[in-house]
Amino acid sequence: MYVVGTPIGHLGELSARAIGALRAADLIACEDTRETSRLARHLGLRAQLVAVHEHNERSGAERLIAALADGKRVALVSDAGTPAVSDPGARVVRAVQEAGFRVVPISGPSAAVVALSASGLLDAQFRFVGFLPVKSAARRKVLESLRDQDCALVFYEAPHRIVECVADIAAVMQPERELVIARELTKLFEQIVRLPVAEAPAWLAADANHQRGEFVLLLSGAQPEEGLDEGARRTLDLLLDELPPSRAVKVAQAITGAPRKLLYDYAMAHAVDAPQDDEAD
C-alpha cells in the first residue's frame with residue numbers, strides 16, 4: 001500500500017512519483033471521495049475511490065487488506081497533505097502492516113513543515129501538537145501543560161475556531177512569545193505573519209479576511225526564567241499548588257538552594273490561584 005501525500009493547495013506540489021503511484025492504483029482510499037475526485041479528474045485517474053475516514057477506519061482497513069490479498073494496488077491519501085498526520089490513516093497503516101503487507105510512504109506536502117520553513121522562528125526544535133480541543137476549558141488545560149515547553153509549538157486550526165483558539169493562546173502563554181499565523185498555505189491568498197502573541201487577537205479582528213482559510217499556528221518556545229533554573233521553578237510550581245507563596249518560597253529554598261529573592265519574585269508572578277499571604281520580604 002502506498003501512502004501518498006497530496007497538495008495542501010497548489011496542485012504543482014504533487015510529485016512525479018506520487019502521480020505515478022496514484023495512476024497505477026486500482027483502489028484509492030481517501031478521507032472524502034468528493035475532495036479526492038477533484039484530484040482524480042485533474043490527473044485522469046481511473047482507480048476506484050473508497051472513503052476511509054475516522055468513523056470507519058477499522059472496516060475500511062479490512063477492505064483494503066482484502067484488496068491487497070487479491071493482488072490489487074492500493075493507495076492511501078487524505079483530503080490534503082500527508083495521511084495519518086492529524087488526519088485519518090494511522091489505524092489503516094498499522095492494520096495493513098500487521099496483515100503482512102508492505103507500506104510504502106511517498107513524501108509530499110505537510111502544512112506543519114511548510115509553515116515552519118517560512119515562519120522565521122529560530123527555535124532549534126519543534127513539537128507538533130495538531131488540533132487543540134474544541135472546548136475552551138479543555139483547550140486552555142492543554143495549553144497550560146505546554147506553557148513551559150522550550151521548543152516551538154505547532155497547531156492546526158479551522159477558520160470557525162481560529163478567533164477563540166488564538167484568544168486562549170494569548171491568555172495562557174507568555175505575552176512576549178512570538179506567534180506565527182499561517183493561512184491558506186500555497187494558495188492564492190496565502191498569508192504568513194509573525195507577531196507577539198499578545199497582539200495576535202487584535203490582528204485577527206482587524207480584517208475579516210484574516211479569519212478565512214485553514215490555519216497553521218506556530219508559537220516560539222518559552223524562554224527560561226532569568227536566574228532561576230528549571231529544577232527550582234518546577235519545585236516551586238508544585239509547592240505553590242499547595243502552600244501560600246511565602247511558605248512555598250521557604251520550602252523551595254531549603255530544597256533547591258536557589259536565591260530567596262528570585263524564588264519570591266517568581267512566586268508573585270505565577271501564584272495567581274495559590275493561597276495568598278502578606279509577606280513581602
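Me: Which side chains meet in a salt bridge at 3.4 Å, N to O?
Reply: Those of E178 and R194. A salt bridge here is a side-chain nitrogen of Lys or Arg within 4 Å of a carboxyl oxygen of Asp or Glu.

Me: What kind of model is this?
Reply: It is a predicted model, where local features need pLDDT of at least 70, side-chain atom pairs count only at pLDDT 80 or more, and totals for chains, interfaces and linings use all residues. Residues are numbered from 1 along each chain as its sequence is written, and side-chain values use heavy atoms, with hydrogens and water left out.

Me: Back to E178 and R194. Where do they lie?
Reply: E178 is in strand β8 (residues 178-183) and R194 is in strand β9 (residues 191-196). So the pair ties together parts 16 residues apart in sequence. Strands are DSSP runs of E with at least two residues, helices are runs of H or I with at least four, and both are numbered from the N terminus.

Me: How accessible is E178?
Reply: E178 has 32% relative accessibility and counts as partly exposed. R194 is partly exposed too, with a relative accessible area of 45%. Buried means under 20% relative accessible area, exposed over 50%, and partly exposed in between (1.4 Å probe, protein chains only).

Me: How many salt bridges does the structure hold?
Reply: It holds 12. One of them joins D26 and R73, with the closest N and O atoms 3.5 Å apart.

Me: Where do D26 and R73 sit?
Reply: D26 is in the loop between α1 (16-24) and β2 (27-30). R73 is in the loop between α3 (57-69) and β4 (74-76). They are 47 residues apart, so the pair links distant parts of the chain. D26 is partly exposed at 29%, and R73 is partly exposed at 48%.

Me: What does R91 pair with?
Reply: R91 forms a salt bridge with E57, with the closest N and O atoms 3.7 Å apart. R91 lies in helix α4 (residues 90-98) and E57 in helix α3, so parts 34 residues apart in sequence are tied together.

Me: Is E57 buried or exposed?
Reply: E57 counts as buried, at 6% relative accessibility. R91 counts as exposed, at 58%.

Me: New topic. How many aromatic pairs are there?
Reply: Two. Rings of Phe, Tyr and Trp (its six-membered ring) pair if their centres lie within 6.5 Å; planes under 30 degrees apart count as stacked, over 60 as edge-to-face and the rest as tilted. F128 and Y156 are edge-to-face, at 5.1 Å centre to centre and 70° between the planes.

Me: Which strands hold F128 and Y156?
Reply: F128 lies in strand β6 (residues 126-131) and Y156 in strand β7. Y156 counts as buried, at 11% relative accessibility.

Me: What about the rings of F131 and Y156?
Reply: Their centres are 5.7 Å apart and their planes are at 70°, so the pair is edge-to-face. F128, F131 and Y156 form one aromatic cluster.

Me: How much space lies in the largest pocket?
Reply: About 880 Å³. On a 1 Å grid over the protein atoms alone, a pocket is an open set of points where a 1.4 Å probe fits, with protein on both sides within 12 Å along at least five of seven lines. Lining residues have an atom within 4 Å of a point. The volume is the space filled by probe spheres set on the points, which are joined across faces, edges and corners.

Me: How many residues line the largest pocket?
Reply: 32, of which I8, D79, A80, G81 and E214 lie nearest its centre.

Me: Which element gives the largest share of the lining?
Reply: α2, with five residues.
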